[in-house]
Amino acid sequence: MNFHILTLFPEMVLNGLNTSIIGRAVNSGLLSIEAVNIRDYAFNKHQSVDDYPYGGGAGMLMQAEPVYLAWKAVEEKIQARRSLPAENGAPLTGETGVSAPEQQEISMPPETTAKRSRVVYLSPQGDVFDQKMAEELAKEEDLILLCGHYEGIDERVLEEVVTDYVSIGDYVLTGGELPAMVMVDAISRLVPGVLHNDVSAEFESFQDNFLEYPQYSRPEEWHGKKVPPVLLSGHHANIEKWRREQSILRTKERRPDLFAKCELTDKEKKWLEGLEIQKEI
Ligand code: ADE
């Protein structure tokens, strides 16, 4: 999968995504993360990309043209790669930035009926990012993430290029870079091979809206607290049952909003009712 992050702070996103699991996946070619500096597409000699908002108000806005040119260069490059024979169209590896002149040499293929890549604009006004959205976006071959800064971006370019508005939560950050990094991380770990262990992406928090069960490692006793004996029993069916029950209890207690969407079997419902009755006695 190829991420293309349009930003005024390319080092910020690249430095934040070059370590641990994501860094390894980039080095092994499973992912590519390209940070495109919008300032490279400034159209004035001062390389400024922001200006005062019409109608007044606090702060500066990012202007439409540099954002548009940066997006166009990236989209043209994606379309050019896709129009190549399969092996050349494979994911780009370990990419860390694109220079403006190199991109501008590539033009859109003549039959521009090609499907445009999705462009996510990170904004507190967007749909709230969740695991389901991460799963859906992980199916894309290319994803363009547009990061605003200052007071945002001129509305006209957003209307032209953005396909999805996404927020990472109901709070306001200084820019879209951290949200873009959050999205890249959450989506990347769902790309086959990135976690080396596809089971761990499957059985974890938010699987069918359940939170993950508690986990323990050595030693068997720590600060007087013992590992639940069933986990030492080697009895796989019992361990599975215990984990499922813990997931149910955890979700009910910590995330009643998610629990309301969870589907329990009749047996599990009865078991839970039994526990409630015991608590009341
Ligand atoms: N930009 C500023 N705040 C944001 C948020 N909460 N989510 C996504 N982008 C943002």
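## Overall picture

Ala, Val, Leu, Ile, Met, Phe, Trp, Tyr, Cys and Pro count here as nonpolar, Asp, Glu, Lys and Arg as charged, and the others, Gly among them, as polar. The model is predicted.

The protein has 281 residues, and 43% of them count as buried. Its secondary structure consists of 11 helices and nine strands. The accessible surface is about 16600 Å². Carbon and sulfur atoms account for 52% of that surface.

## The largest pocket

Rolling a probe the size of a water molecule over the atoms shows where empty space is left. The largest pocket has a volume of about 470 Å³. It is lined by 25 residues. Closest to its centre are Tyr 121, Leu 122, Ser 123, Pro 124 and Gly 152.

Which elements each supply at least two lining residues? They are β5 (118–128), α6 (155–161) and β7 (164–167). Strand β5 gives the most, with five residues. By class, the lining has 13 nonpolar, 10 polar and two charged residues.

## Salt bridges: Arg 118 and Glu 140

Side chains of opposite charge can pair when their charged atoms come close. The whole structure holds 14 salt bridges. One of them pairs Arg 118 with Glu 140, with the closest N and O atoms 3.3 Å apart. Arg 118 lies in strand β5, while Glu 140 sits in the loop between α5 (131–137) and β6 (142–147), so the pair ties together parts that are 22 residues apart in sequence.

Are these two partners buried or exposed? Arg 118 is buried, at 16% relative accessible area. Glu 140 is buried too, at 17%. Both values fall under the 20% cut-off for buried residues.

Helix α9 spans residues 236–254. What separates the two partners along the helix? They are four residues apart, so about one helical turn lies between them. Glu 245 counts as buried, with 16% relative accessibility.

Lys 252 makes another salt bridge, with Glu 276. The closest N and O atoms of this pair are 3.1 Å apart. Lys 252 lies in helix α9 and Glu 276 in helix α11 (residues 266–280), so the bridge ties together parts that are 24 residues apart in sequence. Lys 252 is partly exposed, at 30% relative accessibility. Glu 276 is also partly exposed, with a relative accessible area of 26%.

Some salt bridges share partners. Which residues do they join into one network? The members are Arg 81, Arg 82, Glu 141 and Asp 142.

## Gln 63

Gln 63 is placed in the loop between β4 (61–62) and α3 (64–82). Its relative accessible area is 18%, so Gln 63 counts as buried. Leaving aside residues up to four places away in sequence, Gln 63 touches Phe 43, Ser 48, Val 49, Asp 50, Asp 51 and Asp 154.

Technical notes. Residues are numbered from 1 along each chain as its sequence is written. This is a predicted model: local features need pLDDT of at least 70, side-chain atom pairs count only at pLDDT 80 or more; totals for chains, interfaces and linings use all residues. Side-chain values use heavy atoms; hydrogens and water are left out. Buried means under 20% relative accessible area, exposed over 50%, partly exposed in between (1.4 Å probe, protein chains only). Accessible areas come from the Shrake-Rupley method with a 1.4 Å probe; for residues, only the protein chains shown count as cover. On a 1 Å grid over the protein atoms alone, a cavity is a set of points where a 1.4 Å probe fits but cannot get out, and a pocket is an open set with protein on both sides within 12 Å along at least five of seven lines; lining residues have an atom within 4 Å of a point. Grid points are joined across faces, edges and corners, and a volume is the space filled by probe spheres set on the points. A salt bridge is a side-chain nitrogen of Lys or Arg within 4 Å of a carboxyl oxygen of Asp or Glu. Contact means heavy atoms within 4.5 Å.
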